[in-house]
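I opened the model to look up a few things: strands, rings, a core and some side-chain contacts. My notes follow.

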Amino acid sequence: MQDIDKLNKEIESLKKENKKLKSSIKHEEEAIGFEFVFNAVKQPLFLLKSISNQQVEIHRVNNSATELLKFTRKEISLLTPINIGLFASLEEFNKNHALLSNNEQ
């Protein structure tokens with residue numbers, strides 16, 4: 001009886017590990033798919049990260065954005081969306097950000 005219990009516990013453990021591996025693989029496939037699409041788009045794409053309502057940073061850019069701006073990714077990451085003209089001001093960004101957040105809900 002102990003052998004059966006031990007075997008059942010091991011089976012459950014393996015099922016959990018299998019589920020984690022499948023989830024990890026799915027996440028990796030999604031990341032690879034996103035990366036491909038993100039860089040294949042011919043329009044400049046900017047992923048922005050809102051730190052607070054007083055600070056926003058450029059998190060990532062695609063290849064088209066680097067070609068348009070004529071800067072490296074590292075140089076672009078040191079700029080703000082306002083510096084490169086994506087938004088006229090921080091207030092404009094905050095308004096757009098609020099609209100996106102409301103629509104997502």
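I count two strands as paired if DSSP finds at least two bridges between them. Helices (H or I, at least four residues) and strands (E, at least two) are DSSP runs, numbered from the N terminus.

**Ground rules.** This is a predicted model, in which local features need pLDDT of at least 70, side-chain atom pairs count only at pLDDT 80 or more, and totals for chains, interfaces and linings use all residues. Residues are numbered from 1 along each chain as its sequence is written, and side-chain values use heavy atoms, with hydrogens and water left out.

**Strands.** I looked up the pairing of E1 and E2. Strand E1 covers residues 46-52 and strand E2 covers residues 55-61. The two run antiparallel, and six bridges join them. Which residue stands opposite Lys-49 in E2? I find Glu-57 there.

**Phe-38.** I went to helix H1 (residues 2-40), where Phe-38 has its place. For exposure I use relative accessible area: buried is under 20%, exposed is over 50%, and partly exposed is in between (1.4 Å probe, protein chains only). Phe-38 has a relative accessible area of 3%, so I note Phe-38 as buried. Next I listed its contacts, meaning heavy atoms within 4.5 Å. Leaving out residues up to four places away in sequence, Phe-38 touches Leu-45, Leu-47, Arg-60, Val-61 and Asn-62.

The test asks for NZ of Lys or CZ of Arg within 6 Å of the ring centre and within 35 degrees of the ring normal. Arg-60 lies over the face of Phe-38, 4.9 Å from the ring centre.

**Aromatic pairs.** A pair of aromatic rings is described by the distance of the centres and the angle of the planes. Rings of Phe, Tyr and Trp (its six-membered ring) pair if their centres lie within 6.5 Å; planes under 30 degrees apart are stacked, over 60 edge-to-face, and the rest tilted. How many aromatic pairs does a search of the whole structure find? I get two. Phe-34 and Phe-38 are stacked, at 5.4 Å centre to centre with 25° between the planes. Both lie in helix H1, four residues apart, about one turn of the helix. Phe-34 is partly exposed, at 40% relative accessible area. Phe-87 and Phe-93 have ring centres 5.2 Å apart and planes at 80°, so I log this pair as edge-to-face. Phe-87 is buried at 16%, and Phe-93 is buried at 5%.

**Asn-62.** I found Asn-62 in the loop between E2 and H2. Is Asn-62 buried or exposed? Its relative accessible area is 0%, so Asn-62 is buried. I then looked for polar contacts. These are pairs of N or O atoms within 3.5 Å; within protein, one must be able to donate a hydrogen and the other to accept it, and residues adjacent in sequence count only if both atoms are side-chain atoms. The Asn-62 side chain reaches the backbone oxygen of Val-41 at 3.5 Å. It also reaches the backbone nitrogen of Ala-65 at 3.0 Å.

**Ser-64.** Ser-64 is in helix H2. Its relative accessibility is 11%, so Ser-64 counts as buried. I find its side chain 3.1 Å from the backbone oxygen of Val-41. A polar atom of that side chain also lies 3.0 Å from the backbone oxygen of Lys-42.

**Core.** A nonpolar core is a set of buried Ala, Val, Leu, Ile, Met, Phe, Trp, Tyr and Cys residues joined through side-chain atoms within 4.5 Å. I looked up the largest one, and its six residues are Phe-46, Ile-58, Val-61, Ala-65, Leu-69 and Ile-76. E2 and H2 each supply at least two residues of this core.

**Lys-70.** Last, I checked the loop between helix H2 (63-69) and helix H3 (73-77), where Lys-70 lies. Its phi is near 60°, a positive value in a residue other than glycine. Lys-70 is exposed, with a relative accessible area of 69%.
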